[in-house]
Amino acid sequence: MKLPVRLVVLAALVATAACAPQTSGDTSSGKDEKSGTLRVWLFQEVNNKPKEQVVDAVVAGFEKAHEGTDVTVEYIPVETRAQRIKAAFNDPKSAPDLIEYGNTDTAGYVKDGGLADISKEFGAWEEAKDTDPTARQSVTVDGKVYGAPYFVGVRALYYRTDVFKELGLKVPRTQSELIATAKKVRAEKPGMYGIAVGGAYTYGAMPFIWAHGGELAVGKGSSYTAAIDSPAARKGIEAYTSLFGDDNCPAAKCAGMGGNDTVTAFASGKAAMAIGGDFSHAAVEAGSVKGKYAVVPLPGVRPGSVAPAFAGGNNLGVLRSTSHRTLAVDLMKRLASKEAQGELFEAMGFLPTFSDVREQVAAREPFVQPFVRTLAAGTKFVPVSPAWGQIDSSLVLPTMFQEIVSGKKGVGAAAGDAARKMDAAFGSAG
């Protein structure tokens, strides 16, 4: 595995931001030093350089505004975030001051006592009033705010316009047409995946489950019950796993693939289709398929319908263990500001969490439209329970998919096992 790279940011571009806020004292360190080194962990993207440039500019402005302060930014792999961040919670001395984290992790991190309550600072932040309500919900637990939304993300269907034209294919309008189209491409072009799919690509699989009327779980808070083994959910699982095989994406190669792997396969020309996010745009543009692809909402079961997409996105949060609370909150707000989110969109295609900024970028950038349509069609989320972090980090759903595509278990048995593991996690959460 490639080791994360530590970047000491020394750029000289100034980013505007408000004065540092008053602290509410919610830190376990009991300190609030106004100088020194701040450590930041952000996620490593498929094509990370544009993100680094945006971050460098923001941090340079922060350092200029706070004499005697510098920042180190480390980009960590998303796949190992659970272990890294859990270890940071347990070892404050080596922990960062500020982290980027997935919005599905909020409840679990709050239960672990790792994130600082920044409700007062967030409430006093002028820009916060324009935060998308769903994005704000993603940093809120029991009415308290534990971070700032960084970007929102949904996934749609990327497809090769040149390949479709060459083979006389139409853009699929249903999931059954999608499956048939993928297999036709593979038959005509044996060296290409019809659609790149991954056994570890949970968020690419969820729309198939939801489109068939299934749910991951039902309930609220910690009182959830798994529904992944319901008849409707099993239909969606069957549809997704039918794409693994020599007639599309061989299980031996694709069972272990995650979301980044499928985007990389598409961007490099190895797949005719892929389920990618708005946040995948920069990586695809940097690949060999630039100018030869288009994006449409992922189809649902009925012709013309849109499969419910996972309402994804990332947040920024200050750790309770920080000894630089005021500085960390200020840097968080600068990184998550309207200006910085607009620049992050230009650099990476990440959709802003501010409604007004998102409307502005959608009006001038055509590629955003399929994702905006997907958002408008209705999105879904994972159970808002501390248990989800355990379910996610223990790879319950990827294990289920991989057992099915490898032939070790049938859909019913694998889904039943996954449901039992999920229920055990829900039970332990509360």
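Here is a walk through the structure, from its nonpolar cores out to a sheet and a disulfide.

The model is predicted, so local features need pLDDT of at least 70 and side-chain atom pairs count only at pLDDT 80 or more, while totals for chains, interfaces and linings use all residues. Residues are numbered from 1 along each chain as its sequence is written, and side-chain values use heavy atoms, with hydrogens and water left out.

Let us start with the cores. A nonpolar core here is a set of buried Ala, Val, Leu, Ile, Met, Phe, Trp, Tyr and Cys residues joined through side-chain atoms within 4.5 Å. Buried means under 20% relative accessible area, exposed over 50%, and partly exposed in between, with a 1.4 Å probe and protein chains only. The largest core has 66 residues, and Leu216, Ile228, Met400 and Met422 have the most contacts inside it. Helix H19 (residues 411-428) gives this core its largest share, eight residues. A second, separate core has 53 residues, including Phe43, Tyr101, Phe151 and Ala340. As background, nonpolar side chains tend to be buried together in soluble globular proteins.

Helices (H or I, at least four residues) and strands (E, at least two) are DSSP runs, numbered from the N terminus. The expected span of a helix is 1.5 Å times one less than its number of residues; for the 18 residues of H19 that gives 26 Å, and the end C-alpha atoms are 26 Å apart, which agrees. The buried residues of H19 include Ala414, Ala415, Ala418 and Met422. They pack against strands E9 (217-220) and E10 (223-226), and against helices H9 (231-241), H17 (387-393) and H18 (396-405). Contact means heavy atoms within 4.5 Å. Not counting residues up to four places away in sequence, Met400 touches Ala414, Ala415 and Ala418, along with Ile228 and Ile237.

Next comes Pro383, in the loop between strand E15 (379-380) and H17. Pro383 is buried, with a relative accessible area of 6%. Leaving aside neighbours within four places in sequence, Pro383 is in contact with Leu216, Ala217, Tyr224, Trp388 and Phe426. Pro383 and Thr104 are 279 residues apart in sequence, yet their C-alpha atoms are 8.3 Å apart in space.

Now turn to helix H8 (residues 202-211), where ten of its ten residues are buried. Among them are Tyr203, Met206, Phe208 and Trp210. After H8 comes Gly213, with a positive phi near 90°.

The sheet is our next stop. Three strands form an open sheet in the order E11-E8-E12, with antiparallel pairing. Strands E11 (273-277) and E12 (293-296) are the edges, each pairing on one side only. Two strands pair if DSSP finds at least two bridges between them; strand E8 (residues 155-160) and E11 have five, in the antiparallel sense. Tyr158 stands opposite Ala274 in E11.

We finish with the disulfide, defined as a pair of cysteine sulfur atoms within 2.5 Å. The count comes to one. This disulfide joins Cys249 to Cys254, with an S to S distance of 2.0 Å. The link of Cys249 and Cys254 is left-handed, with -85° about the S-S bond. Are these cysteines buried or exposed? Cys249 is buried at 0% relative accessible area, and Cys254 also counts as buried at 0%.
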